[in-house]
Amino acid sequence: MRAARVTRLDGPDAVEVTDVEEPAGAGVVVEVHAAGAAFPDALLTRGLYQYRPKLPFVLGAEIAGVVRSAPANSHVGPGDRVVGLTMLTGGMAEVAVLSPDRVFKLPDNVTFEAGAGLLFNDLTVYFALSVRGRLQQGETVLVHGAAGGIGTSTLRLAPVLGASRTIAVVSTEAKAQTATAAGATDVVLAEGFKDTVKELTSGRGVDVVVDPVGGDRMTDSLRSLAPGGRLLVIGFTGGEIPTVKVNRLLLNNIDVIGVGWGAWTLTHPDALAEQWAQLERLLISGQLPLPEPMIYPLDEAAAAIACLENRTAKGKVVLRIRD
């Protein structure tokens, strides 16, 4: 089978699309039609992720495709359209083998490409807003990196989960269009965002900040929170891991909350199925708009991952594995 493989830790340019043996082992065997790409894939190509698989390895943690075979006790069977999680590697290939508890039926109204763009981002954001962020009806959500995968997912999900306003923070005017298309109520530039947000909210601030960027925005994000507000730490695509002066938390009774979706699923075995059931309901009903990912052919896997590293991606990035 063909797969996007890492043979040396030299960054996205070192990703090679080549023939490898199909994976062996028990589980649900899926003929992959599309695979999601995420920021951890870029880190893996440089050996910078907290988990370092043995070289060579196939990238990809989220897939959509058709079941070839499944264990007898599985909830899916041959011919079913599904999405699934490898959780880290093995997805950017024509065939993947997944644990049955990480495979879910794909609604008929969702394409393979959209399905591959749902899992990591939407499940993370759903967990962030509903479980960790305690989002309430009518609250305002601000999201950094709003034109990226987590950002556009937040803009799609927050209104469905009760937010009355979503404020998108972007680094360039060009990315503002992506945020607007994803459903942002307001779009502001990262430079000077704190003052703009204060004006937009008549000095009150926002109830929730979703931050996958990190870096030097932390202090101004805290200053942008309304009393009782929550800042959700999802990642550090900006490169720098910020620190917090905890006296700031006392001033307005605000929270800084870690969102470790992957770690949560490891300690809460039923979480994945419960979260997917909620997303599936929203997708089937049409309440949750489908993502509109940037789609690359498998042969351009290196370029797809590079756009995540250099932060030129607009929305979710997906590889089309089969036509």
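Six strands make up an open sheet here, ordered β11-β10-β9-β12-β13-β14, and their pairing is parallel. Keep in mind that this is a predicted model. Below is a quick tour of that sheet, the helices lying across it, and a few side-chain contacts involving rings.

**The sheet**
- The two edge strands are β11, covering 186-189, and β14, covering 255-258; each of them pairs on one side only.
- Ignoring direction, neighbouring strands in this sheet are turned against each other by 20° on average.
- At the β14 end, strand β13 (residues 225-233) runs parallel to β14, and 4 bridges join the two.

- Helix α3, residues 119-132, lies across β12 (206-211), β13 and β14, and it runs at about 145° to β13.
- Helix α6, residues 193-200, lies across β9 (140-143), β10 (165-170), β11 and β12.
- Relative to β11, helix α6 runs at about 150°.
- Strand β12 turns up in both lists: helix α3 lies across it, and so does helix α6.

**Aromatic pairs between α3 and α9**
- The structure has 3 aromatic pairs, and two that link helix α3 with helix α9 are described here.
- Take F120 and W261: their ring centres are 5.5 Å apart and their planes sit at 80°, so this pair counts as edge-to-face.
- Since F120 belongs to helix α3 and W261 to helix α9 (residues 261-267), the pair ties together parts of the chain 141 residues apart in sequence.
- Both F120 and W261 are buried.
- Then there's F127 with W264, a tilted pair with 5.1 Å from centre to centre and 45° between the planes.
- This pair also links distant parts of the chain, with F127 in helix α3 and W264 in helix α9, 137 residues apart.

**A charge over a ring**
- Away from those pairs, there's an arginine to check out: the charged end of R81 sits over the ring of F112.
- The distance from that charged end of R81 to the centre of the F112 ring is 4.7 Å.

Definitions and conventions
Residues numbered from 1 in each chain as written. Predicted model: local features only at pLDDT ≥ 70, side-chain atom pairs only at ≥ 80, totals over all residues. Heavy atoms only, no water. Pairing = 2+ DSSP bridges. Axes fitted to C-alpha atoms, helices over the stretch in contact; angles between N-to-C directions. Contact = heavy atoms within 4.5 Å. Phe/Tyr/Trp six-rings, centres within 6.5 Å; stacked < 30°, edge-to-face > 60°. Buried < 20%, exposed > 50% of the residue type's maximum accessible area, 1.4 Å probe, protein only. Lys NZ or Arg CZ within 6 Å of the ring centre and 35° of its normal.
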